[in-house]
Amino acid sequence: MELKDVRTRFAPSPTGMLHFGNANTALFNWLVARRYGGKVILRVEDTDLDRSTDNFEQMIIDDLKWLGIDWDEGPGMGGDYGPYHQMHRVDIYNDCVKKLFDLDMVYRCYCTKEELDAEREIAVKTKRPPRYSGKCRKLTPDDHARLEKEGKPFTVRFKTPRKEKVVVKDLIRGDIEFMSDELDDFIIIRSNGVPIFLLCNAVDDAMMKITHVVRGEDHISNTPKQVLINRALGLSVPEYLHTSMILGPDRTKLS
């Protein structure tokens, strides 16, 4: 395998200490970039406002340095594609969401947690995949106007296209195919207005010109959703390398 102009990224969430899985991901991103003369970008994914702290961020940075993993762009280094903290990039994500609304690729969802839990419980009992029913996708403009007037909180969901094949190009596993009907209309903006991982991660990878996303196989289910987001926005889609998980003797993830 010969890779050119490689840009990889390690994007930890500062919600806890660096663990084996994080270190494994950071190491493989570093190895791929250094092997092919590319660049490593460190990006802090700090949109979990309840759990993200400056203290955890500094601990992660210190641990990476202790492991001998360096980076070319990111906190402490700067770079041409910053800022490298997601909460400093919210205006970028909001512009993307506005574009998705203009393209009719997203909608407001007013379902409460209790309603979603009830849907999920019924799905489990009837042995169906616990996916969102999409009922707010069917709301009329009058419905939206009424609910907005009532001040009812909402999330923003991506309008997943129907009967479409999504092919993820994985340099380790080969092409992985998904049918869009297997995916629900997933949330990209929380009810507090803060964007979530699926949107931020996809947009940042494109705008930071990441060529290869190296991450654990537990993210495979997220990848087709992020491919769809970037397709809808007309953004580039990186190539992926989904690595195997590090498991203990009991076959659970090591942390």
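In the predicted model, Arg-35 lies over the face of Tyr-36, at 4.7 Å from the ring centre.

Contacts between aromatic rings were examined next. A pair of aromatic rings is described by the distance of the centres and the angle of the planes. Across the whole structure, the search returns two aromatic pairs. In one of them, formed by Phe-158 and Phe-186, the ring centres are 5.2 Å apart and the planes meet at 15 degrees, so the pair is classed as stacked, given that planes under 30 degrees apart fall in that class. This pair links distant parts of the chain, since Phe-158 belongs to strand S4 (residues 155–158), whereas Phe-186 is found in the loop between strand S6 (174–179) and strand S7 (187–189), the two residues being 28 residues apart. Both partners fall below the 20% limit for burial: Phe-158 is buried, with a relative accessible area of 0%, and Phe-186 likewise counts as buried, at 4% relative accessibility.

The cysteines were then considered. A disulfide is a covalent bond between the sulfur atoms of two cysteines. The search of the whole structure finds zero disulfides. For Cys-96, which is in no disulfide, the nearest cysteine sulfur is that of Cys-200, at a distance of 9.5 Å; Cys-96 itself is buried, its relative accessible area being 7%. The sulfur of Cys-136 has its closest cysteine sulfur in Cys-111, 3.6 Å away, and this separation is too far for a bond, because a disulfide requires the two sulfur atoms to be within 2.5 Å. Cys-136 is also buried, with a relative accessible area of 6%.

The largest pocket has a volume of about 830 Å³. Its lining comprises 33 residues, of which Ala-11, Ser-13, His-19, Asn-22 and His-219 are the closest to the centre of the pocket. Several secondary-structure elements contribute to this lining, with strand S1 (7–10), helix H1 (20–35), helix H6 (197–207) and strand S8 (212–216) each supplying at least two residues. Helix H1 gives the most to the lining of the largest pocket, providing five residues. In terms of residue class, the lining of the largest pocket divides into eleven nonpolar, 15 polar and seven charged residues.

Key. Residues are numbered from 1 along each chain as its sequence is written. This is a predicted model: local features need pLDDT of at least 70, side-chain atom pairs count only at pLDDT 80 or more; totals for chains, interfaces and linings use all residues. Side-chain values use heavy atoms; hydrogens and water are left out. Buried means under 20% relative accessible area, exposed over 50%, partly exposed in between (1.4 Å probe, protein chains only). On a 1 Å grid over the protein atoms alone, a cavity is a set of points where a 1.4 Å probe fits but cannot get out, and a pocket is an open set with protein on both sides within 12 Å along at least five of seven lines; lining residues have an atom within 4 Å of a point. Grid points are joined across faces, edges and corners, and a volume is the space filled by probe spheres set on the points. Helices (H or I, at least four residues) and strands (E, at least two) are DSSP runs, numbered from the N terminus. Ala, Val, Leu, Ile, Met, Phe, Trp, Tyr, Cys and Pro count as nonpolar, Asp, Glu, Lys and Arg as charged, and the others, Gly among them, as polar. Rings of Phe, Tyr and Trp (its six-membered ring) pair if their centres lie within 6.5 Å; planes under 30 degrees apart count as stacked, over 60 as edge-to-face and the rest as tilted. A charge sits over a ring if NZ of Lys or CZ of Arg is within 6 Å of the ring centre and within 35 degrees of the ring normal.
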